[in-house]
Each structure stands twice: as C-alpha cells, then as structure tokens.
2 protein chains.
Amino acid sequence: MRKKRETPAEGSPVTGPALLDHAVCFAVYSAGLAFNRVYKPILDRFGLTYPQYLVMIALWQAEGQTVSELGEHLFLESNTLTPLLKRLETAGFVTRRRDKADERQVRISLTAKGRKVLEEASCVPQQIFEAAGMPVEKLAALRGTLADLRDNLRAAAAEKA
Amino acid sequence: MRKKRETPAEGSPVTGPALLDHAVCFAVYSAGLAFNRVYKPILDRFGLTYPQYLVMIALWQAEGQTVSELGEHLFLESNTLTPLLKRLETAGFVTRRRDKADERQVRISLTAKGRKVLEEASCVPQQIFEAAGMPVEKLAALRGTLADLRDNLRAAAAEKA
DNA sequence: GAAATATAAATCGCGCGCGATTTAATCGCA
DNA sequence: TGCGATTAAATCGCGCGCGATTTATATTTC
C-alpha cells in the first residue's frame, strides 16, 4: 500500500465527476508544495525564492520588461511583483527605473550580479529534474495538459468577472 | 497565436532536459495560481479559503483527526495548520480539544455548522470542473501523474534531509 | 522514580498571492 | 487647452507555507 486514497469517501459532500476535479485540484496544490520543498533549500544557497527565480529567468529572456509585462509572463500582478522586485533590487540583482517616455511604467533589468547568480544557478533545474524522476515524454505531456488547464481556468475566471 | 512561449530562449541559463522540468514546475505553479483564482471567489461566499476547505473535507472523511494526521493527508504541518484551525474554530466550523489519553495531541472535529456549510458548498467542485473544461479521463490521468510526481519529489526531499 | 530523550503542537518571522484601494501619469475629446 | 477617463504601479491587509524554535507532555533508560 504505497498510496494514500485521493478520493473522498462515500457520503462525502463531494460526489460525481466533480469529485475527480477536486482530486485534480488537490493534486496540483500538493505537487506545488512538493516542488517548493525541493526548490527552496537549493535556491536558498543563491539567496532567491522560487518566484524571484522565475522573475530573473523571465528577465534573462527579455531585458527591460515593465512590471506589467513581467506579470503577463508569470501570471502575477503589481501587488505581488512590486515588493518582490524591490527585494531583488535591494539584493542587487535587478534595477528598477521609470520609463522616460511613459513615467507610469517601471522597467526592470538584470544587473551584472543578477546575471552572474543566474549562471551559478544554472545547475538548479537539473537537480529538480532528477528529483522529479520521470521520463521526458511524460513531463512534456504533463506540461502541455497543465498549460491547457491553466488557460481554461483563467478564461473561466475572466468571463465571470 | 493563442499560446505564449513556455520555454526559455537560447542562451538561457536553463538548458537540456532540465529545461523541460523547469517548464513543468512553472506549469504546476501557474495552474495552482489559476485554480486559486477560480476557487477564491466561490469559496468566499462560504467564508472559507481553499486550504480551509481541504481541511473541512478531510474532517468529513474522518472525524476527530489529530493535527498531525490532518497534516499527513494534506501534506502540511502544525506551523501551517494550527493557525488555520484556530481560524476555523473562531468561525465555528470545527472544535479543537486535547486528547484525554495523550494530552500532547489535539483532536479536530466538525461542528454541526461546519457540516452544514460543507453541504451547502457541495456544488463547488462541479463549478470548478466546468471551469477546468476537460474530459474526465484526461483529468484522471493528470491527477495520477501529478500524484506520482509529488511522491517522487517528496521522496527526493526526504532523502536529502 | 528521576533524568534524558522523544514527540505533538504552538509560536515566530518572512515572503508570497491577491482583492481592494490609492497615487501618479497619460490619453481622449470637446 | 482643460478636464474627466484610463492606465501603471504602489500600497494595504490578510491568510497561507515553512524553516526554526519553544513549550508541554509522554516515553525511555538507568
């Protein structure tokens, strides 16, 4: 008996096909917790949290993004990003400066120190990959399904608003 | 062009098969955010957060669990659960009392009010299922893969400690 | 049975996420 | 040109997650 039951018992307030959905949602939730537990001690050595690491990688891909553009890539908003970016700035990993042409916007760039720490952390994903212990094809399928699911959920949330 | 790119550009510090893992981790992370955005406004009407909702369902399945037992089911620990349970107690949804036989342990039970709100919330999973917009078989497979992934990650984290 | 050890829960500090609001800059339009 | 509407970021409050520590109870060992 390696596995715990993942589905509620009979007589539960959760029944039918929705029951499965509850389990899927919980599976996403608990997998996220598990990822974080693996990531945290590794990223700690570089002085980064996982969301900070995501921001740094997004900046590596495209320098000088605005807060909103970063948010579109990471599905976050300024209420989360602004304090996070200030911490990255304090740590010396990024710079924040108002756009000259439109002073409402703030453009974020990696510093040399930021690029350096990203290079030092380039071994991190490999360690996570080993911890995941899954064949590449399965991971690829998983990524695709999760992206579809996310897009569906976001679309549903948006149309209710 | 419906989709954004999910893989880092060339020259990125994330390369090789690990790149895929990074993408999977981000997919789990962003799907979790998306789930939360759908869940939150729905659960708000019942005065519950998603972790609180999970705790309530776990208690429906087995009354009188200790804090540790709840933690094993939900992959959480007392540092997260204790304050959460106190909030549920304040809301009148659960009771917390020391085990007579072993006073180190605290046993949690649903109140009548707690069971009532769970029944009222029985429509919630169906709404999430609709928002997910995926066939049941695909969700079932996804759940299984994510559970395996989570177990692998937890095993890897445990053996490092 | 007293001291050392182990265990369960609680406490503390910090960084997210995010709904809601505020502040500041730009745009639209007469 | 002026002034209301829009947009971008920042701010605020609250509830997680979690590493680390503390407190209280139980168990082990001598």
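Does B:F75 count as buried or exposed, and at what relative accessibility? At 10% relative accessibility B:F75 counts as buried, where buried means under 20% relative accessible area, exposed means over 50%, and partly exposed lies in between, with a 1.4 Å probe and protein chains only.

Before I go on, a word on conventions. This is a predicted model, in which local features need pLDDT of at least 70 and side-chain atom pairs count only at pLDDT 80 or more, while totals for chains, interfaces and linings use all residues. Residues are numbered from 1 along each chain as its sequence is written, chains are lettered from A and ligands numbered from 1 in the order in which they are written, and side-chain values use heavy atoms, with hydrogens and water left out.

Back to the phenylalanine. B:F75 is found in the loop between helix 3 and helix 4 of chain B, and although B:F75 is not a glycine, its phi is positive, at about 60°. In chain A, the residue A:F75 has a phi near 60°, again a positive value in a residue other than glycine, and A:F75 sits in the loop between helix 3 and helix 4 (78-90) of chain A. A:F75 is buried as well, with a relative accessible area of 10%.

Let me turn to chain A as a whole, which has seven helices and three strands; here helices (H or I, at least four residues) and strands (E, at least two) are DSSP runs, numbered from the N terminus. Read from the N terminus on, the elements of chain A follow the order α-α-β-α-α-β-β-α-α-α. Of the 161 residues of chain A, 47% count as buried, and chain A exposes about 7,900 Å², of which carbon and sulfur atoms supply 53%, the areas coming from the Shrake-Rupley method with a 1.4 Å probe and, for residues, with only the protein chains shown counting as cover. Where contact means heavy atoms within 4.5 Å, 50% of the contacts in chain A between residues at least 6 apart in sequence join residues at least 24 apart.

Strand 1 (residues 65-66) of chain A gives us an example, since A:Q65 is found there and counts as buried at 4% relative accessibility. Leaving aside its neighbours within four places in sequence, A:Q65 is in contact with several residues, among them A:L59, A:L70, A:R107 and A:I108. In chain B, we can look from strand 3 (residues 106-110), which holds B:I108. B:I108 counts as buried, at 0% relative accessibility, and although B:I108 and B:Q65 are 43 residues apart in sequence, they are 5.5 Å apart in space, C-alpha to C-alpha. Not counting residues up to four places away in sequence, B:I108 touches residues including B:L59, B:Q65, B:L70, B:L85 and B:V94.

Because A:E69 lies in helix 3 (residues 67-74) of chain A and A:R107 in strand 3 (residues 106-110) of chain A, the pair ties together parts that are 38 residues apart in sequence. A:E69 is partly exposed, with a relative accessible area of 32%, and A:R107 is partly exposed at 25%. A:E69, A:D99 and A:R107 are linked in a network of salt bridges.

In chain B, the side chains of B:R107 and B:E69 meet in a salt bridge of 3.9 Å, N to O. This pair links distant parts of the chain, with B:R107 in strand 3 of chain B and B:E69 in helix 3 (residues 67-74) of chain B, 38 residues apart. A further salt bridge is formed by A:R150 with A:D151, the closest N and O atoms being 3.5 Å apart; here A:R150 is buried, with a relative accessible area of 2%, whereas A:D151 is partly exposed, at 21%.

Finally, the largest pocket. Its lining has 35 residues, of which A:Y29, A:G32, A:L33, A:N36 and B:L33 lie nearest its centre. The largest share of that lining, twelve residues, comes from helix 1 of chain A.

Methods
1 Å grid on protein atoms, 1.4 Å probe; cavity = no way out; pocket = protein on both sides within 12 Å on 5 of 7 lines; lining within 4 Å. Salt bridge = Lys/Arg side-chain N within 4 Å of Asp/Glu carboxyl O.
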